[in-house]
Amino acid sequence: MSCMFRIDGRSLNIDRLLSAVSLPATMSFRKGQHRSEIKKDGERNRNSGASFLVSNADFHQFEKQKKDAISFLTNKRTVIRRIMNWPGVDSACLDFGIERRDVAAQFDHLPAELLRLAGELGIDIEISQYSIEHKNESQQGDGD
């Protein structure tokens with residue numbers, strides 16, 4: 001899941017929102033809940049929110065993620081607008097998870113159409129870079 005649409009808000013009733021929209025959330029959280037189910041004595045959520053799948057293209061498939069995001073924003077415009085206007089939604093973001101390449105300088109382009117669609121809906125864009133370890137051919141072995 002490399003591109004996600006995330007929303008959150010301090011006074012957001014996420015359960016009510018999710019029951020009223022036709023977009024399934026991949027994850028949701030509630031204000032006051034522990035951030036970690038494992039570490040119950042840890043920090044609590046300051047907001048409520050949810051994440052929705054935009055693209056399941058892999059980290060190295062940024063071009064596909066962008067195309068999927070344009071399609072998502074175009075085809076789901078009505079439900080996204082409803083979410084964006086929902087009481088308590090303070091912020092929204094498209095988060096592209098991409099591979100950090102081993103280069104001197106990394107440049108990742110966002111097309112004007114994507115920026116226009118996100119801007120019209122009031123959605124921020126974030127690019128999260130991840131170090132992905134690749135096995136080189138000598139380490140992969142041949143099945144023995």
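Residues are numbered from 1 along each chain as its sequence is written, and side-chain values use heavy atoms, without hydrogens or water. Because the model is predicted, local features need pLDDT of at least 70 and side-chain atom pairs pLDDT 80 or more, while totals for chains, interfaces and linings use all residues.

Helix α3 spans residues 77-84, and its buried residues are V79, I80, I83 and M84 (buried means under 20% relative accessible area with a 1.4 Å probe, protein chains only; helices are DSSP runs of H or I with at least four residues, and strands are runs of E with at least two). These residues lie on the same side of α3, because they cover an arc of only 140 degrees around the axis, taken from the directions to the C-beta atoms. Their packing partners are β1, α1, β3, α2, β4 and α4.

Turning to the neighbouring helix, α3 and α4 pack with axes 10 Å apart at an angle of about 40 degrees (axes are lines fitted to C-alpha atoms over the stretch in contact, with angles from 0 to 180 degrees between N-to-C directions). R77, I80, R81 and M84 of α3 meet L117, E120 and L121 of α4, with contact meaning heavy atoms within 4.5 Å.

Key. Buried < 20%, exposed > 50% of the residue type's maximum accessible area, 1.4 Å probe, protein only.
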